Amino acid sequence: MRENARVTSSDRGDYQELVDEISELLGAPATLENRNFELIAFGAYDSEGDLDPSALDPVRTRSILTRRSTSAVRHWFEGFGITRATGPVRIPRTPEAGVYRGRICLPVRHRGVVLGYVWLLDYDPGPTEQQLAAAMLVTGRIGALLADEAQHGADLTRELRAVLTAEPGWPRDMAVAELRTALGVRADGPHTVVCVAPWPSADPDDAPSVRTLPGARALCAIPWGTTQQSLVLLVGLRSTDTLTPAVSAATRLLERAAAPGPPGGAGRTTAGSARGGAGAGAGQAARPEGGAGGSGGAAQDAAAGRDGGPGRSTGGGSHGGVAAGIAAARTGLAGLGTAWAEASAAARAALAEPRLGPVAQWAAIGPYRLLTSLPSEAAHDPALHALLSPVHRELARTAEVYLDCAGQAGRTAAELGIHRQTLYYRLSRVEQLTGLDLDDGEDRLLLHMALKAARL
């Protein structure tokens, strides 16, 4: 097994031990976040003063509730030079902005590159220079761990992408073997694949950290159609009977994709970081126009109807036009290519039929399991060319609802909110435009499939 394949086996405990060491050195609670302000670990503390409700930052309190910050967070802290700093940086208190406590930031670097930040609430008289110097030595050990983890994550990203983009046969088999080696014993457990599409960015730095997503093993961005990207996540499961971790991860990714700013940037926090980080709250409060508070101060004080389709909107069931698909659960990596196809198809179905989304499971998309496997030409049957033109949008919608209602006129008229005679007139126009007989089962099947396929 590769040496770096073992990096993630105990890193969480190592981070926690190192953060606790810093908390003990400085006599104050410390919190570790990566450079995107995502929580990694936070130190225990027992000072009653830190739990004083009068010290709560209003902005940080809000960040607990919203679990989200904006891109103003990154701009604020970069203004204090934390990305360039090699030593402690003090962030001043700003009572008029709702920040009642200052912060101290210890940049975590490895070979000159900033990989994260240790935050603590400033206090009087504050840590001595000797204490801070000792704490910075610990951040060097944290930086080495983060660098190892980043390298391992990059390897997994490359190998997962290779599996999903390789041609079937021996090229894919070789890619799967590489991924299996990198994952180690975890490769043989139950898992599923999540596809979020379209993902707003192909930049690896905009992708979230795997550690912030429930059960995540690896993720990568791959092309979605001709001009867009999708984010693909390999999720480990406790058993093949439940997809709960995958649903949680998909929901969190959708929130990121729909939020303002870069999808993986510092302007956002995760559910976990609502408990952690000292930094983001300060930056958010000092720039109240930036919206909801960030991850940082919140954590320290906390320790203290029918739509879409031809003629319908296709955005109602997705997060800002983004949806997620989840494949069926599997054991082992042999079927990873099929799992990716299922997750991609489920995401397409959720975008096409909002009632299925915003998170759609392959097992629950019904006829779209078949329709997504058909070539795109299936949506362009000559009989439906005229019906699918924009001028006949309402007729197409009427036909689809009629077929969804199993040809029951009463149900169809009620759902469309029209009189039966109006329905009959529209259906006769559909027959004239298509040359199909709605009393013929095969003609109905063709029409129904083509209308559904047109969504995709």
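Over how many bridges do strand S4 and strand S5 pair, and in which sense? Here are some notes on that and on a few other features.

1. **What we are looking at.** This is a predicted model, in which local features need pLDDT of at least 70 and side-chain atom pairs count only at pLDDT 80 or more, while totals for chains, interfaces and linings use all residues. Residues are numbered from 1 along each chain as its sequence is written, and side-chain values use heavy atoms, with hydrogens and water left out.

2. **The S4–S5 pair.** To take up the opening question, S4 (residues 103–110) and S5 (residues 113–121) pair in the antiparallel sense over eight bridges. Two strands pair if DSSP finds at least two bridges between them. Within this pair, Leu106 has Val118 of S5 as its bridge partner.

3. **The chain overall.** The chain holds 14 helices and eleven strands, taken as DSSP runs (H or I, at least four residues, for helices; E, at least two, for strands) and numbered from the N terminus. Its 456 residues are 51% buried, meaning under 20% relative accessible area with a 1.4 Å probe, protein chains only. The accessible surface is about 19800 Å², and carbon and sulfur atoms account for 52% of that; areas come from the Shrake-Rupley method with a 1.4 Å probe.

4. **The five-stranded sheet.** S4 and S5 belong to an open sheet with antiparallel pairing, in the order S2-S1-S5-S4-S3. S2 and S3 (89–91) stand at the edges with a single partner strand each, so one side of each lacks a neighbour in the sheet. On average, neighbouring strands here are turned by 25° against each other, direction ignored.

5. **The S1–S2 hairpin.** S1 (residues 30–34) pairs with S2 (residues 39–42) in the antiparallel sense over three bridges. Thr31 has Phe42 in S2 as its bridge partner. Four residues lie between the two strands of this hairpin, and Phe37 in the turn has a positive phi of about 65°.

6. **Asn34.** This residue sits in S1 and is buried, with a relative accessible area of 11%. Leaving aside residues up to four places away in sequence, Asn34 touches Ile40, Leu115, Gly116, Tyr117 and Ser209, where contact means heavy atoms within 4.5 Å.

7. **H11 against H13.** The axes of H11 (residues 393–404) and H13 (residues 420–434) come within 9 Å and cross at roughly 105°. The two helices are therefore roughly perpendicular, a term covering 65 to 115 degrees. Residues making the contact include Tyr402 of H11 and Leu427 of H13.

Technical notes. Axes are lines fitted to C-alpha atoms, for helices over the stretch in contact, and angles run from 0 to 180 degrees between N-to-C directions. Angles under 35 degrees count as roughly parallel, over 145 as roughly antiparallel, 65 to 115 as roughly perpendicular and the rest as oblique. Buried means under 20% relative accessible area, exposed over 50%, partly exposed in between (1.4 Å probe, protein chains only).
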